[in-house]
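Visitor: I have a structure open here and would like to go through it. Can we take it piece by piece?

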Amino acid sequence: MKIGILYSRIRQDEKLLLNELRDRDHEIEKIDVRKHQFGLDGTTADVDDLDIVVDRCLSTSRSLYATRFIDHYGVPVVNSPETADVCADKAKNSLALDAAGVPTPDTKLAFTVDSAMDAIESFGYPCVLKPVVGSWGRLMAKIDSESAAEAILEHKKVLGHYEHKVFYVQEFVDKPGRDIRVLATDGEPVAAMTRSSDHWLTNAAKGGDTAGFELDDTALDLVEKASDAVGGGLLGVDLMEVGGEESGEYTVHEINHTVEFKALNGCVDVDVPGTVVDWLETKANEATPEATQ
Amino acid sequence: MSEADCPECGAGVDLHDDVEVGEILDCGTCGAELEVLAAEPPELDTAPELEEDWGE
């Protein structure tokens with residue numbers, strides 16, 4: 001197949017993918033989105049004869065628009081712009097999970113400091129304040145007291161971007177020092193790992209320790225439902241255990257649409273990039289039956 | 001293995017044979033994050049600063 005990769009930075013994750021694709025003799029069109037324009041009738045990027053495009057943009061805004069335009073040209077793109085749109089925004093993510101009946105942390109959105117303060121007080125302390133768009137644990141606040149809440153809200157009020165005036169307040173889930181990251185393709189897990197830390201943020205990007213994790217039937221079901229809730233695709237589904245380790249009860253707090261997998265690949269026996277490329281080949285063939293393997 | 005000059009400090013930076021355009025390298029001398037602009041011949045520039053919407 002001929003596959004396009006939307007990117008602006010080649011991380012280890014993209015390198016793993018590129019190496020696997022080259023090992024299978026696929027043709028690759030690397031598309032640095034910083035160098036192209038995307039018009040209504042076409043793009044300066046060479047996309048016309050691609051069987052599929054995979055979005056690996058590091059920047060959420062570029063990911064959202066580039067996939068939307070690629071889709072507009074009739075070129076198959078994963079993940080879809082619709083999936084990206086829901087996953088990129090924590091509020092939309094929460095709504096999609098709740099609508100699908102997937103347990104997710106209780107969340108309130110507020111648009112002013114006063115109403116955000118009311119939302120925080122309704123949850124009690126600690127609770128969590130997150131940016132609606134953001135990743136790697138950046139600008140996440142665990143709020144332990146009224147005075148901390150007042151200070152954080154005041155800081156957010158004066159930050160530049162309007163999204164900081166959208167206050168996403170969430171219950172604090174007392175997870176057992178770890179959460180679970182599942183890499184899934186259309187709801188089918190590729191592999192899963194725990195991310196552990198003494199810090200309340202356990203993201204691998206924050207230095208959390210990783211270890212392979214075996215999903216039970218409940219988790220498998222939740223991953224499938226969560227993936228369906230956002231339109232499927234290559235996703236990172238994040239779960240927390242409620243009620244302690246191996247309680248068998250979970251809440252899904254986030255789904256990532258340009259998921260990183262280098263940490264996962266390093267801690268499980270599964271060939272993660274190989275399985276992802278298997279899936280990409282299947283998607284390309286579904287979209288373009290003449291795509292060669 | 002090829003080598004290019006660090007645009008920050010001028011020291012030589014080794015590039016592996018499988019280096020990718022768009023990859024980020026660290027200069028071993030000054031620690032600057034460098035983006036690979038071209039692999040053959042190798043060309044480096046200072047990597048973009050982290051932006052707020054970066055992530056997964």
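Guide: The questions below go through the two chains and their contact.

Guide: Keep in mind that this is a predicted model.

Visitor: Start with chain B. How many helices and strands does it have?

Guide: Chain B has five strands and zero helices. Read from the N terminus, its elements run β-β-β-β-β.

Visitor: What box do its C-alpha atoms fill?

Guide: Along the principal axes, the box for the C-alpha atoms of chain B is roughly 35 × 25 × 15 Å. The chain has 56 residues, and 41% of them count as buried.

Visitor: Which strands of chain B form the open sheet?

Guide: Three strands do, in the order 3-4-5, and their pairing is antiparallel. Strand 3 (24-26) and strand 5 (42-46) of chain B have a single partner strand each, so one side of each has no neighbour in the sheet. From one strand to the next, the twist averages 45°.

Visitor: How many bridges join strand 4 to strand 5 in chain B?

Guide: Five bridges join strand 4 (residues 33-39) of chain B to strand 5 of chain B. As an example of who faces whom, A39(B) stands opposite P42(B), which belongs to strand 5 of chain B.

Visitor: Now the contact between the chains. How many residues does each one put in?

Guide: Chain A gives 26 residues and chain B gives 18 residues. The area buried between chain B and chain A is about 1900 Å². Carbon and sulfur atoms give 38% of that area.

Visitor: Which residues of chain B lose the most area to chain A?

Guide: They are E20(B), W54(B) and E56(B), and together they make up 41% of what the chain B side buries.

Visitor: On to chain A. Is strand 13 enclosed or open?

Guide: Strand 13 of chain A is largely enclosed by the rest of the structure, because seven of its seven residues are buried. The strand covers residues 250-256. It pairs with strand 12 (residues 234-241) of chain A over six bridges, in the antiparallel sense.

Visitor: What is it in contact with, leaving aside neighbours within four places in sequence?

Guide: E254(A) is then in contact with K90(A), N93(A), G236(A), V237(A) and D238(A).

Visitor: What about A229(A), where is that found?

Guide: A229(A) is found in helix 7 (residues 217-229) of chain A. Its relative accessibility is 22%, so A229(A) counts as partly exposed. Leaving aside neighbours within four places in sequence, A229(A) is in contact with A96(A) and A100(A). A229(A) and D98(A) are 131 residues apart in sequence, yet their C-alpha atoms are 8.8 Å apart in space.

Visitor: Last one, helix 9 of chain A. Why does its span agree with its number of residues?

Guide: Helix 9 (residues 272-287) of chain A has 16 residues, and at 1.5 Å a residue it should span 22 Å. The end C-alpha atoms are 23 Å apart, so the two values agree.

Visitor: And what happens at the start of that helix?

Guide: At the start of helix 9 of chain A, a side-chain oxygen of D271(A) comes within 3.0 Å of the backbone nitrogen of G274(A). G274(A) is one of the buried residues of helix 9 of chain A, which also include V272(A), W279(A) and A284(A).

Terms used
Residues are numbered from 1 along each chain as its sequence is written. Chains are lettered from A and ligands numbered from 1 in the order in which they are written. This is a predicted model: local features need pLDDT of at least 70, side-chain atom pairs count only at pLDDT 80 or more; totals for chains, interfaces and linings use all residues. Side-chain values use heavy atoms; hydrogens and water are left out. Helices (H or I, at least four residues) and strands (E, at least two) are DSSP runs, numbered from the N terminus. The expected span of a helix is 1.5 Å times one less than its number of residues. Buried means under 20% relative accessible area, exposed over 50%, partly exposed in between (1.4 Å probe, protein chains only). A polar contact is a pair of N or O atoms within 3.5 Å; within protein, one must be able to donate a hydrogen and the other to accept it, and residues adjacent in sequence count only if both atoms are side-chain atoms. Two strands pair if DSSP finds at least two bridges between them. Axes are lines fitted to C-alpha atoms, for helices over the stretch in contact, and angles run from 0 to 180 degrees between N-to-C directions. Contact means heavy atoms within 4.5 Å. Buried area is the accessible area (1.4 Å probe) that two parts lose on being put together, summed over both.
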